[in-house]
Amino acid sequence: MDILKLIDSVTHGRNGKGRDAETWLIACLGNPGREYDGTRHNAGFSAADVIAEENGCRFRTSRGSLESVFFLDGKRIVLIKPQTYMNRSGEAVAAAAKFYGIVPEHIIVIYDDINLEPGVLRIRRSGSAGGHNGMKSIISCVGTDGFPRIRIGVGAKPDAGADLAAHVLGRPGSEDREKISGAVRRAAKAFPMVMAGKIDEAQSLYCREK
């Protein structure tokens, strides 16, 4: 076996270490395509990029997602950016969970939330979709809402008459962009504590604007 195949075997769990490791799925939501880079709806993708960079990972296309697999704190992490577009995120999440044998309680979803002010972070053990189409899709495809989630505040549309799609697919101004970027970085730091069951501690430590 050449070195690249050996690395792939270790990373994707085709040896003892991979099979025995507790596995978590970190699903970061957004829309594929350069035209969506930097939009409010792609805050989850931004978090995935930070996590990958901090852990020296690269993404590859697999099961409807850009996927990266690495080990952290003795756990195997499957990090994905669904490429199915936001409204069908659940298809990619369910496919990855099925392939790796990941239970819903070990799925952490990171996504944008217009119900939170820009830069605000919220962490929850479970809950409804809250009107978010990506979360609606995941809950439908996974069959439960009993999984942790990290919500990145991107702010509400400017007025009641404004188009919601235009808002979430738009790019924030410089002040809001800086706040959202801070929340993205905190989300990337918070997920290991969520895996460890320290959700209240993570909420206290990371869920404030900095």
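Thr 39 is found in the loop between strand 1 and helix 3, where helices (H or I, at least four residues) and strands (E, at least two) are DSSP runs numbered from the N terminus. The model is a predicted one, in which local features need pLDDT of at least 70 and side-chain atom pairs count only at pLDDT 80 or more, while totals for chains, interfaces and linings use all residues. Residues are numbered from 1 along each chain as its sequence is written, and side-chain values use heavy atoms, with hydrogens and water left out.

With a relative accessible area of 4%, Thr 39 is buried, a term that stands for under 20% relative accessible area, whereas exposed stands for over 50% and partly exposed for values in between (1.4 Å probe, protein chains only). When its neighbours within four places in sequence are left aside, Thr 39 is in contact with Val 168, Leu 169, Gly 170 and Arg 171, contact being defined as heavy atoms within 4.5 Å.

The secondary structure of the protein comes to eight helices and seven strands, and 50% of its 210 residues count as buried. Of the contacts in the protein with a separation of 6 or more, 71% are accounted for by residues 24 or more positions apart.

Helix 3 (residues 43–54) has twelve residues, which at 1.5 Å a residue should span 16 Å, and this agrees with the 17 Å between its end C-alpha atoms; the expected span is 1.5 Å times one less than the number of residues. The buried residues of helix 3 include Ala 43, Phe 45, Val 50 and Ile 51, and what covers the buried residues of this helix includes strand 1 (22–28), strand 3 (65–72), strand 4 (75–82) and helix 7 (174–195). Helix 3 is followed by Gly 56, whose phi is positive, near 65°. In helix 5 (residues 133–142), Gly 134, Met 135, Ser 137, Ile 138 and Ile 139 are buried, and the elements that cover the buried residues of helix 5 include helix 4 (89–100), strand 5 and strand 7. Helix 5 is followed by Gly 143, with a positive phi near 90°.

Most residues other than glycine have a negative phi. Tyr 85, which lies in the loop between strand 4 and helix 4, has a positive phi of about 70° although it is not a glycine, and at 42% relative accessibility Tyr 85 counts as partly exposed.

About 450 Å³ of space lies in the largest pocket. Of the 23 residues that line this pocket, the closest to its centre are His 41, Ile 114, Gly 131, His 132 and Asn 133. A pocket is here an open set of points on a 1 Å grid over the protein atoms alone where a 1.4 Å probe fits, with protein on both sides within 12 Å along at least five of seven lines, and lining residues have an atom within 4 Å of a point. Grid points are joined across faces, edges and corners, and the volume is the space filled by probe spheres set on the points. Strand 5 (107–113), strand 7 (149–153) and helix 6 (164–168) each supply at least two residues of the lining.
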